[in-house]
Amino acid sequence: MNFLVKQGSFDSDVAPAAGWLAIRGLGVQRGGRTLFSGIDRHLRPGSLLHVQGANGAGKTTFLETIAGLVLPPAGCVEWQAGRYASPIEEAPCYIGHDNALHAALTPIENLSWLMRLAGQPVATALLCDVLAELGLSRLRRRRCARLSAGQKRRVSLARLWVTEARLWLLDEPAAGLDTVARDQLAARVAAHAAAGGIVVYSTHEPLALGEVDVLDLDQC
């Protein structure tokens with residue numbers, strides 16, 4: 001997948017530095033309706049961006065556009081100044097509101113497959129350790145069809161503990177999580193930003209992340 005997403009014209013003398021995410025004049029339409037337009041953001045390493053807006057404002061579409069899943073009619077998105085020396089290192093980690101888990105597979109099997117698909121195979125022992133940290137040790141070999149909504153969400157989010165991606169795009173990551181799991185997620189996101197990563201996320205659930213940048217799509 002190409003994560004330098006460009007369409008339309010956009011003139012700028014400002015070049016994004018390595019490790020930066022540049023969003024330039026971004027606009028997207030859906031069903032003939034403009035969801036948002038003219039978004040300009042430069043996110044440096046360590047940035048946390050909370051995408052807000054009413055239902056239907058385009059939060060999911062915005063994240064999908066940054067991930068390269070939606071081609072915008074206006075503006076562009078540039079990650080790592082257009083340099084993709086290592087697909088494993090440069091590709092974002094996108095976790096949508098759909099957990100992307102196969103119901104017939106176990107958490108271990110699902111995570112192993114998802115990480116291989118991302119080009120980042122992970123040892124089973126490490127996956128077991130992460131699932132144990134997330135309180136899922138006893139369920140690691142149970143089919144995901146038998147897990148609760150919150151348990152499935154924790155399995156999906158376990159990728160954040162093993163991914164090498166520096167850019168995380170998270171759509172409602174805290175949905176279905178209890179207070180303990182939300183705190184674990186917030187701590188992991190904060191640690192990633194502290195290490196120089198970038199996180200762009202939407203959520204209706206409170207996450208204890210301190211000061212974050214906000215993008216309100218209702219105003220775009």
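**Exercise 1. The largest cavity**

Task: In this predicted model, find which residues line the largest cavity, and state which helix gives the most to that lining.

Solution: 
1. The lining of the largest cavity consists of L134, R154, L157, W161, L177, A181, Q184 and L185.
2. Assign the lining to helices. Both α5 (149–157) and α6 (179–194) supply at least two residues each.
3. The greatest contribution is that of α6, with three residues.
4. Sort the lining by class: six residues are nonpolar, one is polar and one is charged.
5. The largest cavity holds about 50 Å³ of space, and the structure has one cavity of 30 Å³ or more.

**Exercise 2. Strand β5**

Task: Decide whether strand β5 (residues 74–79) is largely enclosed or open, and identify how β2 pairs with β5.

Solution: 
1. A residue counts as buried when its relative accessible area is under 20%.
2. Five of the six residues of β5 are buried, so the strand is largely enclosed by the rest of the structure.
3. Strand β2 (residues 21–30) pairs with β5 in the antiparallel sense, and five bridges connect the two.

**Exercise 3. R141**

Task: Locate R141 in the chain, classify it as buried or exposed, and list its contacts beyond four places in sequence.

Solution: 
1. R141 sits in the loop that runs between α4 (124–133) and α5.
2. The cut-off for an exposed residue is a relative accessible area over 50%.
3. R141 has a relative accessible area of 56%, so it is exposed.
4. With neighbours within four places in sequence set aside, R141 contacts T106, P107, I108 and T124.

**Exercise 4. The chain as a whole**

Task: State how many helices and strands the chain has, what share of its residues is buried, and what share of the contacts between residues at least 6 apart joins residues at least 24 apart.

Solution: 
1. The count of secondary structure elements is six helices and nine strands.
2. Of the 220 residues in the chain, 48% are buried.
3. Take the contacts between residues at least 6 apart in sequence; 73% of these join residues at least 24 apart.
4. Finish with the surface. The accessible surface of the chain is about 10,400 Å², and carbon and sulfur atoms account for 49% of that area.

Conventions:
Residues numbered from 1 in each chain as written. Predicted model: local features only at pLDDT ≥ 70, side-chain atom pairs only at ≥ 80, totals over all residues. Heavy atoms only, no water. Helix = DSSP H or I, 4+ residues; strand = E, 2+ residues; numbered from the N terminus. Buried < 20%, exposed > 50% of the residue type's maximum accessible area, 1.4 Å probe, protein only. Contact = heavy atoms within 4.5 Å. Areas by Shrake-Rupley, 256 points an atom, 1.4 Å probe, with all protein chains shown as cover. 1 Å grid on protein atoms, 1.4 Å probe; cavity = no way out; pocket = protein on both sides within 12 Å on 5 of 7 lines; lining within 4 Å. Points joined across faces, edges and corners; volume = space filled by probe spheres on them. Nonpolar A, V, L, I, M, F, W, Y, C, P; charged D, E, K, R; others polar. Pairing = 2+ DSSP bridges.
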